[in-house]
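Please look over the sequence and the model below before reading on.

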Amino acid sequence: MIEVNNLSFEIDGKQILKDINLKINKGKIFGIIGPNGVGKTTLLRCLTGIYDGSTGNIFYDGELVYDNPKVKNKIGFVADENIMQTNFKVSEILKYYKYSYTNYDEEKFNELNKIFKIPTNKFIFQLSKGMKMRLSIMLAFSIHAKYLVLDEPTSGLDAVLKNKLLKIFVDEVFENDTTIIISSHHLSELERICDDVAILDEGVVSYENSVENMKNKIKKVQVAFDEPVYEEDLDLKGIFKISKVGRVFNIITDEYDEEFINSIKKFKPLFIEEIDLSLEDIFIYKVDKEDNNEKVFK
C-alpha cells in the first residue's frame, strides 16, 4: 500500500500541494486527474521520491520513499517529458538500467519491443516524442516494478498503440499484482482501466472515489414540474450544480439514490430523467466553477 500523509510542497514561496492525503491499495490502478497547473506532476515526482515534501510523508508498505534506494528500486517512473540523456544510444540506456536495477529483465524489454519497435542503435535525440515515451514505458515495465508511476503515458502514441498499452497495464495488474498510478488528460482512457480516481484542483484533493461509485452516485437528473418550483426549493443533499432551461431543471448530484429521487418526487414532477455521466463529464462538473456546462453538453 502507498500512503500519502499530510503532504504539502512549496517552492519559491508558492505552495503547489496542500495537505494531500491518499491511500492507494496494492494491485489497483489509481488515476490522478485535474486541470493544467494544479500540481499533478509535482505530486507524481513526490510519489517517486524525486521531490521531498515541505511537510508530510509518503510511505510504500510502511517505508519512506524519499532518499530510499531500496523502495525506489521497486518503482518504475514514466515522466511526461524525456528525462534521459539525449546523446546516449538506446542500447547504452539499456546497459544503464541493467546495472542500476536489480530486477532488470532484458528479455521482457525485447518482448515489449516486438510491439513498440524502438531501434536500439539510435541515439535518444533521434527518437520522436512518441518513441521516447514508448522507450520510457518499456524500461519501466522491464525492471519488474512493484509500483508504476506514469505521467501522461499515452502522449504521442497513435490509437492502435494506446489500445495495446492500456491492455498491457491491465494485464500487468492482473498477472503481477502491480500497483499503477497514472495521470492523464485522456479521461476516457482512465475510465476504461482505473479502479479509483482522485481529482486534484488548486493543489488539494477535491474529490476521491472509485470509478464504479462515481458513476453510480454522480448523475445528471432532468426534471420538470407542473406547479411553480424554484432553485432555492431544491436545496437537497448532494446537489452541487443546478440550472434551469424553461420548465426543465438540470441537476447534478453526487448523492444519487432512492432517497434523492423520493425527495424530488415530493414536488410532484411531471417527469424525472436520469442521465449517466462519463468520467470526463464528472470531471468538468466537479472542477468547472462557471455555470455554463449546459452549453458544453448540448
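This is a predicted model: local features need pLDDT of at least 70, side-chain atom pairs count only at pLDDT 80 or more; totals for chains, interfaces and linings use all residues.

Residues are numbered from 1 along each chain as its sequence is written, and side-chain values use heavy atoms, with hydrogens and water left out.

**Overall build**

- The secondary structure of the protein comes to eleven helices and 14 strands, where helices (H or I, at least four residues) and strands (E, at least two) are DSSP runs numbered from the N terminus.
- Taken along the principal axes, the box filled by the C-alpha atoms is roughly 75 × 40 × 35 Å.
- Of the 298 residues in the protein, 47% are buried; buried means under 20% relative accessible area, exposed means over 50%, and partly exposed lies in between, with a 1.4 Å probe and protein chains only.
- Among contacts between residues at least 6 apart in sequence, 67% join residues at least 24 apart, a contact being heavy atoms within 4.5 Å.
- The accessible surface comes to about 15300 Å², and 46% of that surface belongs to carbon and sulfur atoms; such areas come from the Shrake-Rupley method with a 1.4 Å probe, and for residues only the protein chains shown count as cover.

**Charges and salt bridges**

- The protein has 40 positive and 50 negative charges, whose mean positions are 5 Å apart; Lys and Arg count as positive and Asp and Glu as negative, while His and the chain ends are not counted, and the place of a charge is taken as NZ of Lys, CZ of Arg, CG of Asp or CD of Glu.
- Side chains of opposite charge can pair when their charged atoms come close.
- The structure holds 14 salt bridges, each defined as a side-chain nitrogen of Lys or Arg within 4 Å of a carboxyl oxygen of Asp or Glu.
- One of them joins the side chains of D177 and K26, at 3.6 Å from N to O. This pair links distant parts of the chain, 151 residues apart, with D177 in the loop between α6 (159-176) and β8 (179-183) and K26 in the loop between β2 (14-24) and β3 (29-33). D177 is partly exposed, with a relative accessible area of 37%, and K26 is partly exposed as well, with 49%.
- Another salt bridge brings together the side chains of K146 and D61, at 3.0 Å from N to O. Here too the pair links distant parts of the chain, since K146 lies in the loop between α5 (129-142) and β7 (147-151) and D61 in the loop between β4 (55-60) and β5 (63-64), 85 residues apart. K146 counts as partly exposed at 33% relative accessibility, and D61 is partly exposed with a relative accessible area of 37%.
- K162 and E189 also meet through their side chains in a salt bridge, at 3.7 Å from N to O. K162 is in helix α6 and E189 in helix α7 (residues 187-193), distant parts of the chain that are 27 residues apart, and both K162 and E189 are buried.
- Salt bridges that share partners join K217, E255 and D257 into one network.

**Nonpolar cores**

- The largest nonpolar core has 53 residues, and those with the most contacts inside it are I33, L135, L139, F169, I180, I182 and C194; a nonpolar core is a set of buried Ala, Val, Leu, Ile, Met, Phe, Trp, Tyr and Cys residues joined through side-chain atoms within 4.5 Å.
- Helix α5 gives the most to this core, with eight residues.
- Leaving out residues up to four places away in sequence, I180 touches K28, I29, F30, L148, L150, F169 and V173.
- A second, separate core of 28 residues includes I2, L17, L47 and L200.

- Y51 is found in the loop between α1 (40-47) and β4, and at 32% relative accessibility Y51 counts as partly exposed.
- Apart from its neighbours within four places in sequence, Y51 is in contact with F9, T42, R45, C46 and Y66.
- The C-alpha atoms of Y51 and D67 are separated by 9.4 Å, with the two residues 16 apart along the chain.
- Most residues other than glycine have a negative phi.
- D67, although not a glycine, has a positive phi of about 55 degrees; D67 lies in the loop between β5 and α2 (69-72) and is exposed, with a relative accessible area of 66%.
- D19 has a positive phi near 50 degrees and is likewise a residue other than glycine; D19 lies in strand β2 and is partly exposed, with a relative accessible area of 46%.
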